[in-house]
Amino acid sequence: MPVTDPIADYLTRIRNGHSAEKKWVDVPASNLKKRLSLILKHEGYIQDFIIIRDSIQDIVRVFLKYDHEGTPVIEGLKRASKPSRRYYVKSSEIPRTLNGLGITILSTSIGIVTDKVAKSNNIGGEVLCYIW
């Protein structure tokens, strides 16, 4: 069954994995999900991710990150732009997540980037999600 919103599916799998206290979650691979995983790893929200090659479709295995007490590092995930209503912003209007404590991920002309990279390059785009 095809997924109509792959980004929402990706975020939901991470959210459900944290709720079930899983060590990792598997997500059908795409270049977008690989880039999102790379950003989450770089920002310290996940431990790591690997690509599992398959004859039908590759899989991204995302290793979830917990603190020393077993609490998930990711407190919240929210999808901003949806297939039914896209949310575009200029570089001066990029929203801050929890006054800069979280990150906003955008799709821009230079690729999928965080709010800090988009602001430093003075580029706006489609706001994909918020993570804190």
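**Sheet, hairpin and side-chain pairs in a predicted model**

A hairpin of 2 residues joins strand β6 to strand β7. Strand β6 covers residues 103-108 and strand β7 residues 111-114; the two run antiparallel and are joined by 4 bridges. Within this pairing, Ile105 stands opposite Thr114 in β7. Two strands are taken as paired if DSSP finds at least two bridges between them. Helices (H or I, at least four residues) and strands (E, at least two) are DSSP runs, numbered from the N terminus.

The model is predicted: local features need pLDDT of at least 70 and side-chain atom pairs count only at pLDDT 80 or more, whereas totals for chains, interfaces and linings use all residues. Residues are numbered from 1 along each chain as its sequence is written, and side-chain values use heavy atoms, with hydrogens and water left out.

I turn now to the sheet. It is an open sheet of 3 strands in the order β1-β3-β2, with antiparallel pairing. Its edge strands are β1 and β2 (46-52), each of which pairs on one side only. From one strand to the next, the twist averages 20°; angles here run from 0 to 180 degrees between N-to-C directions, and axes are lines fitted to C-alpha atoms, for helices over the stretch in contact.

Strands β1 and β3 run antiparallel and are joined by 5 bridges. Pro28 stands opposite Ile59 in β3. Helix α1, residues 6-19, packs on the sheet and touches β1 and β3, its direction making about 160° with that of β1. Helix α2, residues 31-43, lies across β1, β2 and β3 and runs at about 155° to β2.

The classes are as follows: buried means under 20% relative accessible area, exposed over 50%, and partly exposed in between, with a 1.4 Å probe and protein chains only. Which residues does Pro28 contact, leaving aside its neighbours within four places in sequence? They are Arg13, Lys33, Gln57 and Asp58, where contact means heavy atoms within 4.5 Å. Pro28 and Ile14 are 14 residues apart in sequence, and their C-alpha atoms are 13 Å apart in space.

The next topic is aromatic pairing. The structure holds 1 aromatic pair. By the rule applied, rings of Phe, Tyr and Trp (its six-membered ring) pair if their centres lie within 6.5 Å; planes under 30 degrees apart count as stacked, over 60 as edge-to-face and the rest as tilted. Trp24 is partly exposed at 38% relative accessible area, and Phe63 is partly exposed at 23%.

I now come to charged side chains. Side chains of opposite charge can pair when their charged atoms come close. A salt bridge is defined here as a side-chain nitrogen of Lys or Arg within 4 Å of a carboxyl oxygen of Asp or Glu, and by this rule the count comes to 6. Among them is the bridge between Asp48 and Lys41, at 3.0 Å from N to O. Asp48 is partly exposed at 28% relative accessibility, as is Lys41 at 37%. Another joins Asp58 to Arg53, the closest N and O atoms being 2.7 Å apart; Arg53 is exposed, with a relative accessible area of 62%.

A further salt bridge brings together Glu126 and Arg86, at 3.0 Å from N to O. Glu126 lies in strand β8 (residues 125-131) and Arg86 in the loop between β4 (77-79) and β5, so this pair ties together parts that are 40 residues apart in sequence. Is Glu126 buried or exposed? Glu126 is buried, at 11% relative accessible area, whereas Arg86 is partly exposed at 43%.

Ser91 is buried, with a relative accessible area of 18%. Leaving aside neighbours within four places in sequence, Ser91 is in contact with Lys119, Asn122, Ile123 and Gly124. With Asn122 there is also a side-chain polar contact of 2.7 Å. Such a contact is a pair of N or O atoms within 3.5 Å; within protein, one must be able to donate a hydrogen and the other to accept it, and residues adjacent in sequence count only if both atoms are side-chain atoms.
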